[in-house]
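Welcome, and please take a moment to look over the sequence and the model below. A short briefing follows, grouped by topic.

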Amino acid sequence: MVETLSIAVIGAPGVGKTSIIRQFIYNDFSEVYTPTRTRYVYRPSVILNGNMYELKVLDVPGNNPGGVRNANAYILVYDICCVESFEYVKSRRCGSSEVPILVVGNKRDLQRQRFMPRRAVSVLVKKTWKCGYVECSAKFNWHVVLLFKELLGIAVARAMRQNHTSIRLQGALQRNRCTVM
């Protein structure tokens, strides 16, 4: 049986939502910024430890994040060099504690220009917001696959606690094998 997981990717304009998704699915990065004007859905298949899963990844425009309340999981993206994009994510923390939320600091390649130390952000997000946290660089494809594995790991943990069949991934992330088809 193929499990399906709907993931909404939300963040302010220009933080790299589309770049993260395109790196994950196509191993592709564009140096040219093109704003996302309408919601776009990507449907990759992922094999985790021999089990196939269908992902429905919603690329949500930064200026219109409404209408994504039915996602199974959320990725909230901000630019580590832009405090306003972090405030945007902070104001958009949505869903309930039952829904996996992963906060992602993008543009790690610009580490020296960050507005707050990584550790301080990580502690705030994990301890206060009770969300997962990962930093990545869509430009250099650094930790992009990791962030999706981290999100699925959160989904697995919550699904096992709740025995929720629609997103139960049967402990597939216990090993380090992940393939995007």
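Which residues does Ser6 touch, not counting residues up to four places away in sequence? Ser6 touches Lys56, Leu58, Ala71, Asn72 and Ala73, where contact means heavy atoms within 4.5 Å. Before we go further, please note that this is a predicted model, in which local features need pLDDT of at least 70, side-chain atom pairs count only at pLDDT 80 or more, and totals for chains, interfaces and linings use all residues. Residues are numbered from 1 along each chain as its sequence is written, and side-chain values use heavy atoms, with hydrogens and water left out.

**Overall fold**

- The protein has four helices and eight strands; helices (H or I, at least four residues) and strands (E, at least two) are DSSP runs, numbered from the N terminus.
- Along the sequence, these elements follow the pattern β-α-β-β-β-β-α-β-α-β-α-β.
- Of the 181 residues in the protein, 46% are buried; buried means under 20% relative accessible area, exposed over 50%, and partly exposed in between (1.4 Å probe, protein chains only).
- Among contacts between residues at least 6 apart in sequence, 72% join residues at least 24 apart.

- Ser6 belongs to strand β1, residues 3–11, and is buried with a relative accessible area of 12%.
- The largest nonpolar core has 48 residues; such a core is a set of buried Ala, Val, Leu, Ile, Met, Phe, Trp, Tyr and Cys residues joined through side-chain atoms within 4.5 Å.
- The residues with the most contacts inside this core are Ile7, Ile20, Tyr74, Ile75, Val103 and Leu147.
- Leaving aside residues up to four places away in sequence, Val103 touches Leu76, Tyr78, Val89, Val125, Trp129, Cys131, Gly132, Tyr133 and Val134.

- Lys17, Ile20, Ile21, Gln23, Phe24 and Ile25 are buried in α1.
- An α-helix has 3.6 residues a turn, so residues three or four places apart point the same way.
- Phe24 lies in this helix, α1, and is buried, with a relative accessible area of 5%.
- Phe24 and Leu146 are 122 residues apart in sequence, yet 9.5 Å apart in space, C-alpha to C-alpha.
- Asn27 follows α1 and sits in the loop between α1 and β2.
- Asn27 is not a glycine but has a positive phi of about 55°, and at 57% relative accessibility this residue counts as exposed.

**The largest pocket**

- The largest pocket holds about 700 Å³ of space. On a 1 Å grid over the protein atoms alone, a pocket is an open set of points where a 1.4 Å probe fits, with protein on both sides within 12 Å along at least five of seven lines, and lining residues have an atom within 4 Å of a point. Grid points are joined across faces, edges and corners, and a volume is the space filled by probe spheres set on the points.
- Its lining has 31 residues, of which Gly16, Thr18, Ser19, Tyr33 and Thr34 are the closest to the centre.
- The elements that give two or more residues to the lining are α1 (17–26) and β2 (40–42), and α1 gives the most, with four residues.
- By class, the lining has 10 nonpolar, 12 polar and nine charged residues; Ala, Val, Leu, Ile, Met, Phe, Trp, Tyr, Cys and Pro count as nonpolar, Asp, Glu, Lys and Arg as charged, and the others, Gly among them, as polar.

**Two further loops**

- Lys107 is in the loop between β6 (101–106) and α3 (118–128). This residue has a positive phi of about 75° although it is not a glycine, and is partly exposed at 22% relative accessibility.
- Ala138 is in the loop between β7 (132–135) and α4 (144–162), and is buried with a relative accessible area of 2%.
- Ala138 touches Ser19, Ile20, Gln23, Phe29, Asn106 and Val144, not counting residues up to four places away in sequence.
- Ala138 and Val15 are 123 residues apart in sequence and 9.9 Å apart in space, C-alpha to C-alpha.

**Cysteines**

- The structure holds zero disulfides, a disulfide being a pair of cysteine sulfur atoms within 2.5 Å.
- The closest cysteine sulfur to that of Cys81 is in Cys82, 8.5 Å away, which is too far for a bond.
- Cys81 is partly exposed, with a relative accessible area of 23%, whereas Cys131 is buried at 9%.
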